[in-house]
Amino acid sequence: MKLGILSCNRFCYSTRRLREAAAERGHEVKVLNTLKFAIDLEKGEPDLYFRSKQLSSYDAVLPRIGASITYFGTAVVRQFEQMDVFPANSSWGITNSRDKLRSLQILSRHHIGIPQTTFVRDRADILPAIERVGGAPVVIKLIEGTQGVGVILADSVKIAEAIIETLHSTRQNVLVQKFVKESRGRDVRAFVVGDQVVAAMRRIAQGSEFRSNVHRGGLTEAVELDEKYRETAVRAAQIMGLRIAGVDMLESDTGPQVMEVNSSPGLEGIERCTKLDIAGAIVDYIAAQVDFPEIDIRQRLTVSRGYGVTEIHIPEGSEYCGKSIDESGLPDHDINVLTLYRGTSVIPNPRLKRVLEPGDRLLCFGKLDAMRGLIPEKVIKKRRPKIKKLSSSALEST
């Protein structure tokens, strides 16, 4: 395998370890400075130039894209994708995970635990937003902060309001998150490769610091995650579109809550903590996947006139409930079910004899006119009123 590692710093620990691991396994490997590429576009021939010379052929690339060069870095990865070179992480996966708001928006649709979060711009919305996440203390985060930079704990509403207004005045976008008290100063980093958690560590803040990042002096300890935490980490990475990821989770009373999914997780802290060859696991995974280059499914499936991809929901009382996919008549209408989503379960390429249940969601490819006829007119969902918990003093007075 000929592997290219996209990195602006060939001497950093992570890049050096990945290069060593690939060389030890007999692969041809080269570190390519992401900023030294030129992207050439021509009809039917997407191409890349590196240091002003046409790039030679590669079997796979491993992106290590820094936050400061996300736009250009993902453009380079996207060009490799168009050239049918296998990327360890997809360009859209990197883009999704790099923006904290975007990643939480995507995760919130799925059955993944996340801290209650709000995003506001209008000054009049600040106080109601803080109240919606449970009041002070709250965590305030810059949307594109890294390594704990731009993460602030506000102990009171007034302090939170002042911090948010100040950041808004400097044109910074911020998130306001519920502070999970039981996990104060502690979180878990799960390192995902493919569909497995290959290593995990707990990070513990020191002194009065509530941020547990290793770069902020946090201590680490190796941990063996239970099935729920492992499943949450793998699903979060897959939902983001990442094959290799560091998934940071809070250990709350209600289970794992995903804070962030990192598309370029550092190796130094977790390798030294767990004593595991994570770089080797990454290289072995890539070597096993090089024959399966990343494909933009919508780009490929929607080029045929009249055909497309959509999601069909099976509500309670639907005529399809209790029928198999075959009996539903979908195949007769030239509609193929690619994936069936049932609660937290994902069933790829379901068999035609699979019986449909209320709440199922079907990712389908087929004739757009036929699929439009299956989707009822949208009805505005009525939100259930949220019932607030009574305070202990109110309960005593009754």
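Val157 is part of helix H6, residues 157-169; helices are DSSP runs of H or I with at least four residues, numbered from the N terminus. The model is predicted, so that local features need pLDDT of at least 70 and side-chain atom pairs count only at pLDDT 80 or more, while totals for chains, interfaces and linings use all residues. Residues are numbered from 1 along each chain as its sequence is written, and side-chain values use heavy atoms, without hydrogens and water.

Val157 has a relative accessibility of 33% and therefore counts as partly exposed (buried is under 20%, exposed over 50%, partly exposed in between, with a 1.4 Å probe and protein chains only). Leaving aside residues up to four places away in sequence, Val157 touches Leu127, Ile130 and Ala136, where contact means heavy atoms within 4.5 Å. Pro137 is 20 residues from Val157 in sequence, with 7.3 Å between their C-alpha atoms.

The axes of H2 (residues 70-82) and H3 (residues 91-98) come within 8 Å and cross at roughly 155 degrees; axes are lines fitted to C-alpha atoms over the stretch in contact, with angles from 0 to 180 degrees between N-to-C directions. H2 is therefore roughly antiparallel to H3 (over 145 degrees). Thr70, Thr74, Val77, Arg78 and Glu81 of H2 meet Ser91, Ile94, Thr95 and Arg98 of H3.

In H9 (residues 278-289), the 12 residues should span 16 Å at 1.5 Å a residue, and the 17 Å between the end C-alpha atoms agrees; the expected span is 1.5 Å times one less than the number of residues. The buried residues in H9 include Ile278, Ala279 and Gly280.

Technical notes:
Helices (H or I, at least four residues) and strands (E, at least two) are DSSP runs, numbered from the N terminus. Angles under 35 degrees count as roughly parallel, over 145 as roughly antiparallel, 65 to 115 as roughly perpendicular and the rest as oblique.
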